[in-house]
Amino acid sequence: MKKNVLKHYLGVSGLAFFAVVFLPQIGQAADTNKAKTKQKKPAEQGNGGGGIPREKSFPKISSEKWTGARLADGQPDISGFWSNTIGNHGNFTDPQGGVINDPNPNRIPKGARADRAPSRVSDPIDGQVPFQPWALDKVKEFQVKFHDPTTQNFVEPLARCAPGGVPKSLYWHGYEIKQYPNYVVFFFDSGTRIIHLDDKPNLPSKIKLWNGDSRGHWEGNTLVVDVSNHNGKALFGRSGEFISENGHVEEHYIFNKENTRYNYEAVFNDSTVYTQPFTVTIPARRWTVADKADGWNFDVWFAKDSAGKTTVEHEERICTENNGGFGLGAV
Amino acid sequence: MNTLSKTKSSKSVLALGLLFAFSFSEIAVAADKKIPRSEGKPDFSGIWQTTSAADFDLEPHSNRKNTPPSAGIIEGGLIPYLPDAYAKKQKNFEDREKLDPALKGYTLGVPRSVYYPEPFQIFQRKQDLTLVHQFGHSVRTIYTNGTPHPEDPNDWWLGDSRGHWEGDTLVVDVKHFNDKTWLDKAGNFHSDAFHVVEKWAFLDANTIEYKATIEDPKVYSYPWNIGVILHRHREKDFQLIEDYRFTLDYDEFYPPKQ
């Protein structure tokens, strides 16, 4: 019998990205556990857990005609493995700035704000979520009490294996997109999002969901998705931003000509929480068999199919069953 | 029509003569059209659910509180437990209201996820079938691209599923399980030596016959077989509704409220 040696969940994932990069001893401890399994796990195939490369800037991608490959049903074929390129969910508006108010002194100087990736809030230009005063108070309170949660509402719910929701799932681990007639499906380590491309109506508004209820269609190189029925519970990261169950999100997934990148540009609207709509931009890149698995953005192993072609496989997406949460300290 | 049935029907044609051949091939074509196909194989895409009472208890049972009576779904009626395993099953049954992993919203495993009374959706491509279960939104990939089981991987809640087509039947070999899932609400269980061979076949366009051979030398004295019927959800605009049951314990703490 092989015990699940989920370094992935118990170790690296429980730590902020900066801890992964700057506290190599933790990565090594996780690797010791992992070495007990014979199966080739990501870090053994990949770069040895030596850090996750992150971009400080990224190209704009324009909405235009799709000239690339299409599936039999006419959809642009964008299936495959993807991840964000700038940082994880530690900090929503300063993706490479570390967790806000983090008491852990083991940090290298982060330098000037301009030297790090921009805020995921691309409009308004100050890069901040235009919260109503009461909501901003709640977020600020979360950013303090997150580090020593005295009540349950200060635990980041992903740390309890809750689905990452919109938009957080897009900047946590890498994920796979599969496409079918009438569907685009996102398989995250933190839940599954089924985008319906047909014109069926949304679920009754009384039903509220971690991932919302999504209706999409293609406009050239852009997947346009309307998301409603949010339960508002997922939070946007360890910095505590949120949407309420009255919120509505209009997403644009804009794919480049080469089919190697996309930018997520989404307008968040919720008159009970925000003073005005705002735009979230998240860059993403594709991962293929030509890449090395890295245990985070591309957490996979490779297999050979009957034609001798290399294929990509992923661990079953399990969290709550294996442990009590992703967090090892602050969660 | 796939190559195999084409060959068979042309043999029938020769044997029966031209007059009969015409009508017989018409029947063959009509039968063939009855089930959806993709890439020449049966296309199981859709949302499915059993109406059987299998999840209450795989074995024959009279009614109990909160349990309807059922003749069970096991060929031969009973699970051939080894003596120690039978004692454990009885203990599980007594404590089922506390011990059933489904009560915690945990991934149900195989084959329970197939006959649990909530819908699941099959997304099918040539290289794989991806099953998304409403309960827990658990995801199982059945590879049909000829890749083998990984050697000595972790034990998985859903096991590792490798499928191939035998005519119009999808045969799936599932192993590398952990020992933490149950087979039903009645405490029927397995060990990490659990091995399931599933057979999926259309009875008609909206009905799948699901059969499975189950073995586990640590728990059962010989392999045994189950079978359930799965029905396609045909309600207008029917869709899966995520059921992350395990989050209910802390749902109330989010989001912040004014």
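Me: What share of the 258 residues of chain B counts as buried?
Reply: 35%. Buried means 20 or more other C-beta atoms within 10 Å of the residue's own; exposed means 12 or fewer, partly exposed is in between, and C-beta atoms are placed from the backbone. This is a predicted model: local features need pLDDT of at least 70, side-chain atom pairs count only at pLDDT 80 or more, and totals for chains, interfaces and linings use all residues. Residues are numbered from 1 along each chain as its sequence is written, while chains are lettered from A and ligands numbered from 1 in the order in which they are written.

Me: And how much of chain A is buried?
Reply: 47% of its 331 residues.

Me: How many helices and strands are there in chain A, and how many in chain B?
Reply: Chain A has five helices and twelve strands. Chain B has four helices and eleven strands. They are DSSP runs numbered from the N terminus: H or I over at least four residues for helices, E over at least two for strands.

Me: Which strands of chain B close into a barrel?
Reply: Nine of them, in the order 3-4-5-6-7-8-9-10-11, with mixed pairing. From one strand to the next the twist averages 30°. Such angles run from 0 to 180 degrees between N-to-C directions, with axes as lines fitted to C-alpha atoms, for helices over the stretch in contact.

Me: Take strands 5 and 6 of chain B: parallel or antiparallel?
Reply: Antiparallel, over five bridges between strand 5 (residues 128-133) and strand 6 (residues 139-143). Two strands pair if DSSP finds at least two bridges between them. T130(B) faces T141(B) of strand 6 there.

Me: Switching to the core. Which residues have the most contacts inside the largest one?
Reply: Y264(A), Y210(B) and V228(B), in a nonpolar core of 103 residues. Its largest share, five residues, comes from strand 10 (residues 278-287) of chain A. A nonpolar core here is a set of buried Ala, Val, Leu, Ile, Met, Phe, Trp, Tyr and Cys residues joined through C-beta atoms within 7 Å.

Me: What does Y210(B) touch?
Reply: Leaving out residues up to four places away in sequence, V114(B), E198(B), W200(B), G227(B), V228(B) and L230(B). A contact means C-beta atoms, placed from the backbone, within 7 Å.

Me: Now the interface. How many residues of each chain are in contact with the other?
Reply: 47 of chain A with 37 of chain B. On the chain A side, the elements giving two or more residues are helix 5 (133-145), strand 3 (175-180), strand 4 (183-188), strand 5 (191-196) and strand 11 (301-304). Strand 5 of chain A gives the most, four residues. By class, that side has 21 nonpolar, 14 polar and twelve charged residues. Nonpolar covers Ala, Val, Leu, Ile, Met, Phe, Trp, Tyr, Cys and Pro; charged covers Asp, Glu, Lys and Arg; the others, Gly among them, are polar.

Me: Strand 3 of chain A came up. How many of its six residues are buried?
Reply: Five, so it is mostly covered. Three antiparallel bridges join it to strand 1 (residues 80-84) of chain A. Among the partners, E176(A) bridges F81(A). Strand 3 of chain A also runs antiparallel to strand 4 of chain A, with five bridges. Y180(A) has Y183(A) as its partner there.

Me: What sits in that hairpin?
Reply: Two residues lie between the strands, and N182(A) takes a positive phi near 75°.

Me: Where is K145(A), and why is it called partly exposed?
Reply: K145(A) lies in helix 5 of chain A. It is partly exposed because 16 other C-beta atoms lie within 10 Å. Outside four places in sequence, its contacts are T150(A) and F154(A).

Me: And E156(A), buried or exposed?
Reply: Buried, because it has 27 C-beta neighbours inside 10 Å. E156(A) is in the loop between helix 5 and strand 3 of chain A.

Me: Last one. What is the mean pLDDT of chain A?
Reply: 85, with 80% of its residues at 70 or more. Over residues 3-50 it is below 50, though the stretch has 89 contacts in the model beyond near neighbours in sequence. Residues 324-331 of chain A also stay under 50, with 20 contacts beyond four places in sequence. pLDDT is the predictor's confidence in each residue, from 0 to 100. Where it is low, the predicted coordinates should not be read in detail.

Note on methods
Contact = placed C-beta atoms within 7 Å.
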